[in-house]
Amino acid sequence: MAEKSGVNKVDELQCVTFFLSGEVYALDVMRVQEVLRVGEISPVPGAPEYVLGIINLRGNVVTVIDARQRLGLEFTEPDDSSRIIVLEAAGQDVGILVDGVAEVVRIRQDEIDPSPSVGNQEAARYIQGVASRDKELIIVVDVEKLLNEEEWAELATM
């Protein structure tokens, strides 16, 4: 089924873009439930290093992950532009702390190149690919791979 533009919806990925360390990242918009300002995050004793803590989202407990830590980036304190992107992955709601949220963009599948094999191999496994737009690179994150199966199971018990 083709749209008027001639681009099939299946060939396009609609993404929420966000910033980490000055780079632009993207997540599949279908996974994103909402974007929140950073409020109080309650630490969880004994939680893994990548878990910042939990938040109360209208009576539901949501675990917040440090996206910087997960992607091997340097830690910085959240500021006024920092946001928590609440998304659904591995059958649970989880929040990821990012430096800021930009916009929703459409990326054609043929614009996404495989991630280059440079840098931290651990971080590279979270990257679905890289798209080039207006002289800027957009790093597309594979949400399901943000944590491994064991880590997702551990989050479900928090």
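This is a predicted model: local features need pLDDT of at least 70, side-chain atom pairs count only at pLDDT 80 or more; totals for chains, interfaces and linings use all residues.
The backbone nitrogen of Arg68 lies 3.0 Å from a polar atom in the side chain of Asp66.

**Around Asp66**

Asp66 belongs to strand 5, which covers residues 60-66. Is Asp66 buried or exposed? Asp66 is buried, yet it has no salt bridge. The nearest side chain of opposite charge is that of Arg68, 5.8 Å away. So keep two distances to Arg68 apart in your mind: 3.0 Å involves its backbone nitrogen, while 5.8 Å refers to its side chain. Leaving out residues up to four places away in sequence, Asp66 touches Tyr50, Leu52 and Phe75.

Now move to strand 3, residues 32-37, where you will find Leu36. Leu36 counts as buried because its relative accessibility is 16%, and the cut-off for buried is under 20%. Leu36 and Ile84 are 48 residues apart along the chain, but their C-alpha atoms are separated by 5.1 Å. Ile84 is also one of the residues in contact with Leu36, together with Ile55, Leu57, Arg83 and Val86, when neighbours within four places in sequence are left aside.

**The nonpolar cores**

Which residues touch the most other members of the largest nonpolar core? They are Phe18, Leu27, Ile85, Leu87 and Ile96, out of 26 residues in that core.

To picture Ile85, set aside its neighbours within four places in sequence: its contacts then include Phe18, Leu27, Val32, Glu34 and Val101.

How many strands form the open sheet? There are 6, in the order 8-1-2-11-10-9, and their pairing is mixed. Strand 8 (100-108) and strand 9 (112-113) stand at the edges with a single partner strand each, so one side of each has no neighbour in the sheet. Strand 9 pairs with strand 10 (residues 127-133) in the antiparallel sense, over 2 bridges.

Terms used: Residues are numbered from 1 along each chain as its sequence is written. Side-chain values use heavy atoms; hydrogens and water are left out. Two strands pair if DSSP finds at least two bridges between them. Helices (H or I, at least four residues) and strands (E, at least two) are DSSP runs, numbered from the N terminus. Buried means under 20% relative accessible area, exposed over 50%, partly exposed in between (1.4 Å probe, protein chains only). Lys and Arg count as positive and Asp and Glu as negative; His and the chain ends are not counted. A salt bridge is a side-chain nitrogen of Lys or Arg within 4 Å of a carboxyl oxygen of Asp or Glu. A polar contact is a pair of N or O atoms within 3.5 Å; within protein, one must be able to donate a hydrogen and the other to accept it, and residues adjacent in sequence count only if both atoms are side-chain atoms. Contact means heavy atoms within 4.5 Å. A nonpolar core is a set of buried Ala, Val, Leu, Ile, Met, Phe, Trp, Tyr and Cys residues joined through side-chain atoms within 4.5 Å.
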